[in-house]
Protein chains: 2
Amino acid sequence: MSNINNLLERRKKLLGPASLFYDEPLHLVKGEGVWVWDNDGKKYLDVYNNVPHVGHCDPTVVDAICNQLKKINIHTRYLHETILAYGERLIATLDKSLSRVFFVNSGSEANELAMRIVRKNTGGEGFIASNWAYHGNTKAVFDLATGFRDGKPGSKYVKGVALPDMYRLPDGVNENNVAEIYAAKIKDAINEFEAEGIKFAGMIFCSTFATEGILRMPDGFMGKALQYVRDAGGLYISDEVQGAFGRLGKMWGHQQYNIIPDIIITGKPMGNGHPIASVITKEKFADTFQEDGRYFNTFGGNPVSCAAGMAVLDVMEKEKLIENVNEVGAYIQMRLQNLLEKYDCIGDVRGSGLFFGLEMVKSKISKEHDGELTHKLINAMAKNGVLIRSTGPKKSVLKMRPPIIFSKDNADFLLDTLDKTLSGLIR
Amino acid sequence: MSNINNLLERRKKLLGPASLFYDEPLHLVKGEGVWVWDNDGKKYLDVYNNVPHVGHCDPTVVDAICNQLKKINIHTRYLHETILAYGERLIATLDKSLSRVFFVNSGSEANELAMRIVRKNTGGEGFIASNWAYHGNTKAVFDLATGFRDGKPGSKYVKGVALPDMYRLPDGVNENNVAEIYAAKIKDAINEFEAEGIKFAGMIFCSTFATEGILRMPDGFMGKALQYVRDAGGLYISDEVQGAFGRLGKMWGHQQYNIIPDIIITGKPMGNGHPIASVITKEKFADTFQEDGRYFNTFGGNPVSCAAGMAVLDVMEKEKLIENVNEVGAYIQMRLQNLLEKYDCIGDVRGSGLFFGLEMVKSKISKEHDGELTHKLINAMAKNGVLIRSTGPKKSVLKMRPPIIFSKDNADFLLDTLDKTLSGLIR
């Protein structure tokens with residue numbers, strides 16, 4: 001503990017109020033697969049970190065990075081083979097209209113670039129996001145962060161729209177009319193921009209609606225929403241920083257909704273922790289964007305980053321990890337349903353694939369959010385050797401999103417620990 | 001060549017008009033120290049790439065990255081030792097008022113964050129940049145890119161000011177009055193913002209004025225300029241993406257001007273090619289910025305990036321590279337002076353440390369920029385096995401910026417090749 005206190009003190013001086021997880025912060029020093037270890041040798045099952053997508057310190061990824069680092073690491077104004085092979089492999093998994101790739105270093109950079117492409121192609125400036133969104137930390141992207149401002153956008157160029165929460169549909173809304181009612185809110189936002197003299201540019205959603213509480217959109221909603229956006233001359237950006245690379249059971253997050261976005265952005269899991277992200281779009285949008293000048297990014301698409309990305313795809317293929325996501329994900333959903341039946345404080349089961357959660361409530365009847373219990377639970381889970389976190393507007397949704405090599409045994413350990421920890425907490 | 005054509009074709013399909021260096025693009029596959037090799041085994045002296053700061057594929061840096069990759073690579077909401085040790089080591093080389101560090105992934109992200117810190121601390125939105133600037137590719141930062149818009153800023157929140165070019169001072173301006181005359185232009189821009197009802201936020205310059213043509217500011221100019229900025233309640237951001245880590249002969253670029261910036265941003269050379277960048281500022285600015293919420297960056301400050309950064313500092317110290325920059329830099333300046341005397345088409349010698357250039361002109365009397373000769377020269381140099389590029393508003397300044405392990409022998413090879421290539425070109 002004296003070591004922890006020393007780190008905390010130095011950290012406060014150097015990094016100020018930078019955020020830390022858990023009431024008793026962890027000092028992690030080792031990772032392997034789905035496991036991490038702290039400095040005292042205590043082992044934790046990592047059910048939170050999606051960045052080490054195919055597992056902490058995956059040897060195939062580590063070797064790919066190290067091998068390329070020893071050859072050459074340089075920017076993309078020279079020719080490389082790897083950037084092409086990797087980009088070609090990515091777009092081969094997408095609708096063939098999505099054929100152009102830009103490589104960048106982070107989800108924030110990717111969303112920045114996506115927004116620049118949308119502005120240039122539409123001549124518009126107004127963006128629609130959800131009313132509990134987060135897409136990154138640069139100025140234009142952080143203006144979208146309604147989730148960091150109690151539902152309010154950061155500038156007049158952003159409007160936040162309510163999304164359907166199927167667990168808490170308002171009076172008069174049901175499964176049959178929910179898609180149209182909520183899609184109409186997008187149409188309303190477009191009209192508001194027009195009334196305010198701001199030309200509409202486009203819409204951006206997280207493909208797994210994570211910050212919003214891991215929501216699943218009702219059938220038909222996404223299709224109708226995109227229709228309104230396109231009818232108004234706007235473009236749709238699918239932010240797949242969290243929902244791509246098999247996370248939700250398909251290669252890409254948007255594929256669960258039977259839509260084709262105009263732009264897809266990726267990030268976090270792409271290089272298993274190595275900073276790489278991308279923007280994928282249609283040829284005409286990429287060309288129009290670059291009419292005034294070519295986009296360049298010093299680190300973006302360097303051969304080491306691309307080797308990391310390639311290795312992640314190799315591991316996913318070799319270990320059939322998307323199949324694993326579906327198999328283990330289905331097993332987890334079944335066990336989560338059992339917990340839902342057992343506990344009055346669990347209101348809803350969320351998610352798909354290996355991105356799942358539980359909505360914690362004061363009671364099944366009140367459906368009142370229980371952020372306090374959630375907070376206690378995630379801290380008690382850490383003490384019991386399992387890392388999870390919370391999300392949603394009231395931080396009352398357990399957020400579980402492990403490396404996609406997660407096995408049924410891992411799932412049992414998680415869910416047994418959750419069961420035990422929760423019964424201990426509610427006595 | 002068929003291989004090159006194949007790469008070019010695939011690249012055009014996947015990356016569109018993404019920029020490439022040289023009329024005959026290079027396919028580089030290997031790097032070591034100051035040397036790179038193309039796919040045909042041809043060897044080039046790299047006098048352009050500052051990102052591999054301590055040399056291509058430096059083994060100390062490669063080992064540091066690989067060792068950490070095998071242990072753990074995770075975000076900063078858990079405690080780590082390396083981020084603290086690295087940050088502490090960085091700020092120990094700066095004025096002690098600059099004590100807070102944010103780690104990010106690129107210079108663009110760093111400038112975005114710096115601008116957010118300035119906006120929040122000043123309540124202002126108006127930024128002054130040079131009238132031939134480039135600071136990165138995100139929306140707010142690209143609005144500063146006057147150098148990509150024929151001297152014009154990208155929004156009403158940016159004003160570009162003319163900087164003194166000591167080689168071409170206008171009538172009535174001389175060494176005695178230049179600092180005051182050009183500093184007054186900054187005061188004018190501040191007044192213009194006020195007249196337009198835009199609150200002034202701050203000023204940002206590249207510490208080595210690279211895009212502007214590798215200009216060196218006259219004595220007293222930077223001090224006067226900062227005084228005007230601060231008198232108006234603004235903050236000064238020193239963009240040291242190109243000018244730090246000993247590049248100009250001192251650890252930091254701003255140290256050549258005897259000023260203390262409010263914010264320093266770094267990038268490119270920091271991790272020898274690994275994507276890492278940072279924002280360093282004063283405690284009060286960092287704290288005020290985070291009053292509304294804590295800044296977080298998923299990849300920023302991860303232990304692998306910090307290990308890369310630490311290794312770069314290790315190599316710099318062990319190999320006494322800042323001393324090398326000064327010694328070899330002085331030798332190069334002497335030899336550049338000889339070339340200046342020999343050729344009528346060389347108008348001026350630029351730079352300091354290992355960031356240097358030559359201003360190419362139609363004649364010493366006309367001082368007319370010769371971008372065409374510069375273009376021919378850099379392409380002929382590549383054919384002759386030396387990589388250099390051009391910069392400046394007319395692309396008429398040779399830009400030379402090798403890894404800082406560059407030796408006198410390397411300098412002789414560069415300058416002999418330059419001499420020979422130039423005499424061949426002008427017949």
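This is a predicted model: local features need pLDDT of at least 70, side-chain atom pairs count only at pLDDT 80 or more; totals for chains, interfaces and linings use all residues.
Biologist: What makes chain A as compact as a globular protein of its length?

Modeller: Let's start with the parts: chain A has twelve helices and 15 strands. Its radius of gyration is 22 Å, and the globule rule gives 22 Å for 427 residues, so the chain is as compact as a globular protein of that length. Along the principal axes, its C-alpha atoms fill a box of roughly 65 × 60 × 45 Å.

Biologist: How many of the residues in chain A are buried?

Modeller: The cut-off is under 20% relative accessible area. By that test, 66% of the 427 residues of chain A count as buried.

Biologist: And which contacts join residues that sit at least 24 apart in sequence?

Modeller: Take the contacts of chain A between residues at least 6 apart in sequence: 72% of them join residues at least 24 apart.

Biologist: What about charge: how far apart are the mean positions of the positive and negative charges in chain A?

Modeller: They are 3 Å apart, with 52 positive and 51 negative charges counted.

Biologist: Over to chain B. How do you know that E2(B) and E3(B) pair?

Modeller: Pairing needs at least two bridges. Three bridges join E2 (residues 35–38) to E3 (residues 43–46) in chain B, so these strands pass the test. They run antiparallel, and Trp37(B) has Lys43(B) as its bridge partner.

Biologist: What lies between the two strands of that hairpin?

Modeller: Four residues separate E2(B) from E3(B), and Gly41(B) in the turn has a positive phi of about 85°.

Key. Residues are numbered from 1 along each chain as its sequence is written. Chains are lettered from A and ligands numbered from 1 in the order in which they are written. Side-chain values use heavy atoms; hydrogens and water are left out. The radius of gyration is taken over C-alpha atoms; the globule rule is 2.2 Å times the number of residues to the power 0.38. Buried means under 20% relative accessible area, exposed over 50%, partly exposed in between (1.4 Å probe, protein chains only). Contact means heavy atoms within 4.5 Å. Lys and Arg count as positive and Asp and Glu as negative; His and the chain ends are not counted. The place of a charge is taken as NZ of Lys, CZ of Arg, CG of Asp or CD of Glu.
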